[in-house]
Amino acid sequence: MENVATDEEWRVCFSQLAPGLVLFARQWVRSSADAEDVVQEAFVRFWRGNHSIGNRALLYATVRSIALDFLRRNSRRAQRESSASSEMEQSVQPKFAIEDESQQLLAAAVDGLPNEQREVLVMKLWNELTFAEIASALGISQNTAASRYRYALGALKKSFIPQ
Amino acid sequence: MNDFSELEDQLRKLRPLAPSEDLIARIERALAKPANCSAPVWDASPRWRWPWHFIESPYGISLGFGLAAAAALLIFARVEVESPKREIGTLALRAPVSIVPSRDSSAEFVPADLTQVVYNTRDEGLLFPAGSDQPMRRLRSQKRETLQWRNPKTGASLRVSYPSEEISLIPISGE
């Protein structure tokens, strides 16, 4: 619980986690810039909270909470401005460094997953959280987290892998 | 899980884009400040924003419902108090009815009853309220509150019923 890590350890921690955190936040917000704003606020709030540097479940819960608040605010503003743009469709696209066409297809298939499956997949694969950490961050059971992960992989296998 | 090992390998080859240098710099600047610094987390260039965040916050919603409830209270008080006056005929027609009990008035109403019927509760998940370091669970309860006053001298009663919404933030242990 005590924040005993040094500033340098926090910097290293952030540099290691940042790509995955931004990808995680990117599921809910429209742009990389917005995702980075969310990650910045979450990480600094987590750091100021004097939490253990190893409590990744709480860090991801913080990112998720701030991102959802951000999305909620933007969605309402968009409604008020009568914007007909499909915000959700734009906001749920993780961004990867694409090297070839197969990766592009795979990234598109990940984008097409249901939100609850994609967030577990992102946390597990690109952030290397355990199912226990994912369950804690999302407020679900470990079995549910594992099931969503399997469903996500199953859906990707169906849609992406040639039969 | 073995069925998916090949697919997992392919997925892991997808690399998330690296964050911008600007984000790294902003984090560096934030970490350079004391951890208990109360300066705003956002480090972007200052720009004025319409305070939707307040209006849409639980506090803003509570304020809105509070104002609506107060308006409903005034309207219902005006309408319902006048009925017993016509029937009983002992109250001054133009006398303002005081919700706060007065000592020497025949139009003295005293609180008699308060009921709250919660008809819907929704768990809206975890959030971090501004200024709080601990996650909290937000519960939204929709209910109908009914307040009743009674005049012990005349037997007249005043009842106000209005919908209300309450948002509770319940601290949880995140660790």
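Guide: Here are some questions about the contact between the chains and about the strands.

Guide: Keep in mind that this is a predicted model.

Visitor: What makes Arg26(B) and Asp37(A) a salt bridge?

Guide: Their closest N and O atoms are 2.7 Å apart. The cut-off is 4 Å between a side-chain nitrogen of Lys or Arg and a carboxyl oxygen of Asp or Glu, so the pair qualifies.

Visitor: Why is the pair Arg11(A) and Glu28(B) called a salt bridge?

Guide: The N to O distance is 2.8 Å. That lies within the 4 Å limit, therefore the name applies. The pair crosses between chains, from helix 1 (residues 7–26) of chain A to helix 2 of chain B.

Visitor: How do you know how many residues of chain B are in contact with chain A?

Guide: Contact requires heavy atoms within 4.5 Å. By that test, 45 residues of chain B are in contact with 52 residues of chain A. Between them the two chains bury about 4900 Å². Carbon and sulfur atoms account for 62% of that area.

Visitor: How many residue pairs are in polar contact between chain B and chain A?

Guide: The count is nine, with both residues at pLDDT 80 or more.

Visitor: Which elements of chain B give two or more residues to the side that touches chain A?

Guide: They are helix 1 (5–13), strand 1 (15–16), helix 2 (21–32), helix 3 (52–55) and strand 2 (110–127) of chain B. The largest share, seven residues, comes from helix 2 of chain B. By class, this side of chain B has 26 nonpolar, six polar and 13 charged residues.

Visitor: How do you know that strand 1 of chain A and strand 1 of chain B pair?

Guide: Pairing takes at least two bridges. Strand 1 (residues 96–97) of chain A and strand 1 of chain B have two, so they pair, in the antiparallel sense. Ala97(A) has Arg15(B) as its bridge partner.

Visitor: Which strands make up the open sheet in chain B?

Guide: Three strands, in the order 2-3-4, with antiparallel pairing. On average, neighbouring strands are turned by 15° against each other, direction ignored.

Visitor: Why are strand 2 and strand 4 of chain B called edge strands?

Guide: Because each pairs on one side only.

Visitor: What makes strand 2 and strand 3 of chain B a pair?

Guide: They share 14 bridges, and at least two are needed, so they pair. Thr121(B) has Ser141(B) as its bridge partner in strand 3 of chain B. Val117(B) has Arg144(B).

Visitor: How many bridges join strand 3 to strand 4 of chain B?

Guide: There are 15, and the strands run antiparallel. Glu145(B) stands opposite Tyr162(B). Arg138(B) stands opposite Leu169(B).

Visitor: What lies between strand 3 and strand 4 of chain B in their hairpin?

Guide: Six residues lie between them. In the turn, Gly155(B) has a positive phi of about 85°.

Notes
Residues numbered from 1 in each chain as written. Chains lettered and ligands numbered in written order. Predicted model: local features only at pLDDT ≥ 70, side-chain atom pairs only at ≥ 80, totals over all residues. Heavy atoms only, no water. Buried area = accessible area lost by both parts, 1.4 Å probe. Polar contact = N/O pair within 3.5 Å; in protein donor to acceptor, adjacent residues only side chain to side chain. Helix = DSSP H or I, 4+ residues; strand = E, 2+ residues; numbered from the N terminus. Nonpolar A, V, L, I, M, F, W, Y, C, P; charged D, E, K, R; others polar. Axes fitted to C-alpha atoms, helices over the stretch in contact; angles between N-to-C directions.
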